[in-house]
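Hi,

Here is the structure I promised to pass on to you. Have a look at it first, and then read my notes below.

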Amino acid sequence: GGKLAAEHLIECGCKNLLHFGGVAGKDMPADRRADGFSDVCKKAGIPYRILVSDRLQYGSMHYEDFIRRALQEFPDVDGIFASSDVIAAQSIQACSALGKRVPEDVQIVGFDDVNIATLVNPMLTTIRQPIKEMAQLAVDAILKKRGGGVMPAKVVLPVSLMKRGTTKEK
């Protein structure tokens with residue numbers, strides 16, 4: 001997902017990227033998004049930063065001040081990859097509060113493709129996780145385990161880019 005997001009932002013003309021990622025001091029599977037993001041940026045020679053939130057922001061889901069401070073500290077940022085659609089929606093708000101237009105000044109890609117992605121204005125370009133399929137696999141694994149079956153150690157499902165209004169095609 002991070003790879004797709006970085007590739008899309010670069011294809012859309014972004015030259016200075018920022019990723020709002022995981023939680024400081026806590027390794028989470030979602031941190032792999034940052035790995036893919038940084039790999040693409042390095043290969044393309046695009047400057048980037050990865051910022052992680054603290055546990056309080058993560059627990060409350062209030063990232064507004066964190067995002068606003070980052071945009072003030074790094075005013076040249078023209079592309080953001082947020083590790084969730086909630087963070088991406090708050091990035092749209094922070095940009096607006098700072099007088100930055102989305103997607104004209106800052107382009108944004110979220111992650112999840114949950115309801116908020118189509119409720120914000122402009123609608124959020126995001127990486128879609130196959131949530132229904134993930135849920136079905138989880139239920140199947142539980143039933144298999146309860147029945148004495150063997151569960152796979154790891155299952156990886158593909159993600160896809162949902163292009164909407166927070167990015168612009170070149």
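Gly110 has Thr126 in strand β5 as its bridge partner. Strands here are DSSP runs of E with at least two residues, helices are runs of H or I with at least four, and both are numbered from the N terminus. Four bridges link β4 to β5 (residues 125-128), and the two run parallel. That is enough for a pair, since two strands pair if DSSP finds at least two bridges between them.

Before going on, a word on the source: this is a predicted model, where local features need pLDDT of at least 70 and side-chain atom pairs count only at pLDDT 80 or more, while totals for chains, interfaces and linings use all residues. Residues are numbered from 1 along each chain as its sequence is written, and side-chain values use heavy atoms, with hydrogens and water left out.

Back to β4 (residues 107-112). Six of its six residues are buried, so this strand is largely enclosed by the rest of the structure. (Buried means under 20% relative accessible area, exposed over 50%, and partly exposed in between, with a 1.4 Å probe and protein chains only.) Strand β3 (residues 79-82) also runs parallel to β4, joined to it by three bridges. Phe81 has Val109 as its bridge partner in β4, and Ile80 stands opposite Ile108. To get from β3 to β4 the chain passes through helix α5 (residues 85-97), and this β-α-β crossover is right-handed. In other words, with the strands pointing away from you, the path from the first strand over the helix to the second runs clockwise.

Now β3 itself. In a regular strand the side chains alternate between the two faces of the sheet. Both faces of β3 are covered: Gly79 and Phe81 on one side, Ile80 and Ala82 on the other, are all buried. Which residues does Gly79 touch, leaving aside its neighbours within four places in sequence? They are Leu9, Cys14, Asn16, Leu17, Leu18, Val106 and Gln107, where contact means heavy atoms within 4.5 Å. Gly79 has 0% relative accessibility, so it counts as buried.

(The expected span is 1.5 Å times one less than the number of residues.) Buried residues of α5 include Ile87, Ala88 and Ile92, and just after the helix Gly99 takes a positive phi of about 75°. Helix α2 (residues 31-44) has 14 residues and reaches 21 Å, close to the expected 20 Å. Among its buried residues are Phe37, Val40 and Cys41. Just after α2, Gly45 has a positive phi of about 70°.

Finally, the whole chain. How many helices and strands are there? The count is seven helices and six strands, in the order α-β-α-β-α-α-β-α-β-α-β-α-β. The radius of gyration is 17 Å, close to the 15 Å that the globule rule gives for 170 residues, so the chain is as compact as a globular protein of that length. That radius is taken over C-alpha atoms, and the rule is 2.2 Å times the number of residues to the power 0.38. Of the 170 residues, 43% count as buried.

Cheers
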